[in-house]
Amino acid sequence: DRSFFFEMKVPVERAELQSFLRKRFGNDKLTIAARMKKTDSVELNNGPDHIGVLTVDDAKAKSYTLEMAILDIDLDDV
């Protein structure tokens with residue numbers, strides 16, 4: 001298990017980013033995981049459920065983008 005943000009070669013450790021996201025969203029089940037056959041991004045999961053994809057916006061890792069799809073069936077329980 002590599003501690004850095006996989007193959008993206010950025011100076012932010014995965015544990016640091018995961019901790020930030022858990023605090024931001026108030027959810028200790030959030031985890032960051034490698035993507036199959038992708039080295040330019042990682043997955044954000046809530047336990048076994050896929051939430052979205054995280055990418056680095058710049059080479060110095062000063063900002064990230066979280067892309068999350070919301071399907072109409074996801075809104076059925078609202």
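Reply: Helices (H or I, at least four residues) and strands (E, at least two) are DSSP runs, numbered from the N terminus. By that count, the protein chain has one helix and four strands. From the N terminus on, the order is α-β-β-β-β. The model is predicted, so local features need pLDDT of at least 70 and side-chain atom pairs 80 or more, while totals for chains, interfaces and linings use all residues. Numbering starts at 1 along each chain as its sequence is written, and side-chain values use heavy atoms, without hydrogens or water.

Now the pairing (at least two DSSP bridges between two strands). Strand β2, residues 38–46, runs antiparallel to β3, residues 49–56, and five bridges join them. N46 has D49 in β3 as its bridge partner. The two strands form a hairpin with two residues between them. In that turn, G47 has a positive phi of about 65°.

β3 also runs antiparallel to β4, joined by four bridges. Here V53 stands opposite E67 of β4.

Follow the chain on. D77 lies in the segment after β4 (64–67). D77 is exposed (over 50% relative accessible area; buried is under 20%, partly exposed in between; 1.4 Å probe, protein chains only). Its relative accessible area is 78%. Of the 78 residues in the protein chain, 24% count as buried.
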